[in-house]
Amino acid sequence: MTLTLHLAPGTISLAVHAALEEAGADYELHWLDFKAGDQTSDAYLAVNPKGRVPALETPEGILTETMAILEWIAETQAPALMPSDPWLRARARETMTYLASTAHVNHAHKMRGHRWSDDPAAQESMRAKVPETMTDSARWLESRMEGDWVAGTFSVADIYLWTVLRWLEGDGVAVADFPRLMALHDRVLARPAVARVAPQHVR
Ligand SMILES: N[C@@H](CCC(=O)N[C@@H](CS)C(=O)NCC(=O)O)C(=O)O
């Protein structure tokens, strides 16, 4: 069965798109237009009641949450995209958990402050903290880099990290202060599969 990825440009769904392409999976894309409110349409809420992307339609049902989808792709389509060694697999999950729980949330404080407060002043104050909180995230992520990749060999954790690294400059982070992260960014983008999908995500 062909997998269907629901996605929108400029979002974390790029990580899943790049992983599907890396895995050589049989998939099709359903693009949402956030400005037109596609994410809250009845048709999309029937796919993902959270009104967010990514969502992946698999033979067994619909899967949401980037980390879960990335691990499912690795397990079912391309085992080499997750380390087999337990320690390295844990390291890959450590980074992905941090991206989902912290770095992505920091970024959302700039893009989607209305999720936390209806008060424009509170939203503005959240937005003003983003350069600092994203810099903290970059500092932690850089401190965990030991070799070329997050966890020994290229994995879905690198793809996930790369997607978030693309936001840093726009979030006010001095990216030149994080040369090892930026080198990883360039290494991931140099992969032919990633280079094929990245241009489709320019907002
Ligand atoms: N925890 C989810 C977060 C997904 C998420 O927040 N996606 C954003 C785009 S980056 C979204 O769909 N936002 C829609 C909206 O806020 O209207 C994951 O990791 O997949």
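Guide: A salt bridge requires a side-chain nitrogen of Lys or Arg within 4 Å of a carboxyl oxygen of Asp or Glu. The structure shown is a predicted model.

Visitor: Why is the pair Arg191 and Glu22 called a salt bridge?

Guide: The closest N and O atoms of Arg191 and Glu22 are 2.7 Å apart. The cut-off is 4 Å, so the pair qualifies as a salt bridge. Between domain 1 and domain 2 the count is 2 salt bridges. The count of residue pairs in polar contact between these domains is also given, as 2, with both residues at pLDDT 80 or more.

Visitor: Which elements give two or more residues to the side of domain 1 that touches domain 2?

Guide: They are α1 (13-23) and α3 (66-77). By class, that side of domain 1 has 11 nonpolar, 4 polar and 3 charged residues.

Visitor: What makes domain 1 and domain 2 separate entries here?

Guide: The domain assignment gives 3-80 + 196-201 as domain 1 and 83-191 as domain 2. Their C-alpha centres lie 19 Å apart. To the contact, domain 1 contributes 18 residues and domain 2 contributes 17 residues.

Visitor: How do you know what area is buried between domain 1 and domain 2?

Guide: Buried area is the accessible area that two parts lose on being put together, summed over both. For domain 1 and domain 2 this comes to about 1500 Å², with carbon and sulfur atoms giving 65%. Of the area that domain 1 buries against domain 2, Ile12, Glu22 and Met67 supply 34%, more than any other three residues.

Key. Residues numbered from 1 in each chain as written. Predicted model: local features only at pLDDT ≥ 70, side-chain atom pairs only at ≥ 80, totals over all residues. Heavy atoms only, no water. Domains from an automatic or database assignment. Contact = heavy atoms within 4.5 Å. Buried area = accessible area lost by both parts, 1.4 Å probe. Polar contact = N/O pair within 3.5 Å; in protein donor to acceptor, adjacent residues only side chain to side chain. Helix = DSSP H or I, 4+ residues; strand = E, 2+ residues; numbered from the N terminus. Nonpolar A, V, L, I, M, F, W, Y, C, P; charged D, E, K, R; others polar.
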